[in-house]
Amino acid sequence: MKKEKTEKKHKHPRHPVATVFSACSMCLLVLLVVVCVPLTVPRFFGVHIYSVVSGSMEPAIPTGSLIYIAEALPEEIQEEEIIAFYGVKDSASIITHRVMENRVVMGEFITKGDANKTQDMNPVPYENFIGKVIRSVPKAGKAAELFTSHQGKVLAACVIGAALLLQAIAALIERK
């Protein structure tokens, strides 16, 4: 019988530069995912996401905050809860104010911005109601606006491209 040689295959250690490039690539992709997940995943669960552009709810919700709005039945909204609604039914203007009174019989809310001295002039009809605020993240609105804009999408594509390029360079270095 012949002796069978059992050779252990020694794996060559990775080139340090390839390791750095590969690690940088992964960091870029993880960073992109960390930024994009809070802007996309909640939408799959019926949560609307908006940036706050006025100071009417300060200090509770500062200008530049990112707010998450959950769909809810308007009849179930309680006083002191913060809601989002269309300023005018067919308007793109979205207002976030605190409920001072929920007039279920009339199908309307009386609202007020925390920073405002008086209640809003007009009641908010239920058909203008979007939902109630479930979370507010101060200063995150500006980042959200950036990443949801055309420039932000181009930036995300560039980050993905850079990660792929770094991986390709790492692979080339390893082949040498």
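## Helix 3 and what covers it

In this predicted model, helix 3 has a set of buried residues made up of G152, A156, V159, A163, L166 and A170. Part of the cover over those buried positions comes from helix 1 (16-40) and helix 2. The spacing of the list is worth a look with one rule in mind: an α-helix has 3.6 residues a turn, so residues three or four places apart point the same way.

Does the length of helix 3 agree or disagree with what its residue count predicts? Helix 3 has 26 residues, which at 1.5 Å a residue should span 38 Å, and the C-alpha atoms at its ends are 38 Å apart, so the two agree.

## Where helix 2 meets helix 3

Helix 2 covers residues 140-148 and helix 3 covers residues 150-175; they pack at an angle of about 75°, and their axes are 4 Å apart. An angle from 65 to 115 degrees counts as roughly perpendicular, and therefore that's the label for helix 2 and helix 3.

On the helix 2 side, the contact uses L146, F147 and T148, which meet H150, Q151, G152, K153 and L155 of helix 3. Sorted by type, the residues of this contact come out as 3 nonpolar, 4 polar and 1 charged. G152 turns up here as part of the contact, and G152 is also one of the buried residues of helix 3.

## Helix 1

Helix 1 has 25 residues, and the distance from its first C-alpha to its last is 36 Å, close to the 36 Å expected at 1.5 Å a residue. Its buried residues are A18, S22, S25, L32 and L39.

T96 sits in strand 4, which runs over residues 94-103. Is T96 buried or exposed? The relative accessibility of T96 is 12%, and buried means under 20%, so T96 counts as buried.

Which residues does T96 touch, once neighbours within four places in sequence are set aside? The contacts of T96 are S56, M57, I61, I67, I82, I83, A84 and V133.

## Cysteines

How many disulfides are there? The count is 0, with the cut-off for a sulfur pair being within 2.5 Å. For C24, the nearest cysteine sulfur belongs to C27 and is 6.3 Å away, and C24 is in no disulfide. C24 is partly exposed, at a relative accessible area of 35%. C158 is in no disulfide either; its nearest cysteine sulfur, that of C36, is 13 Å away.

How values were computed
Residues are numbered from 1 along each chain as its sequence is written. This is a predicted model: local features need pLDDT of at least 70, side-chain atom pairs count only at pLDDT 80 or more; totals for chains, interfaces and linings use all residues. Side-chain values use heavy atoms; hydrogens and water are left out. Buried means under 20% relative accessible area, exposed over 50%, partly exposed in between (1.4 Å probe, protein chains only). Axes are lines fitted to C-alpha atoms, for helices over the stretch in contact, and angles run from 0 to 180 degrees between N-to-C directions. Helices (H or I, at least four residues) and strands (E, at least two) are DSSP runs, numbered from the N terminus. Angles under 35 degrees count as roughly parallel, over 145 as roughly antiparallel, 65 to 115 as roughly perpendicular and the rest as oblique. Contact means heavy atoms within 4.5 Å. Ala, Val, Leu, Ile, Met, Phe, Trp, Tyr, Cys and Pro count as nonpolar, Asp, Glu, Lys and Arg as charged, and the others, Gly among them, as polar. The expected span of a helix is 1.5 Å times one less than its number of residues.
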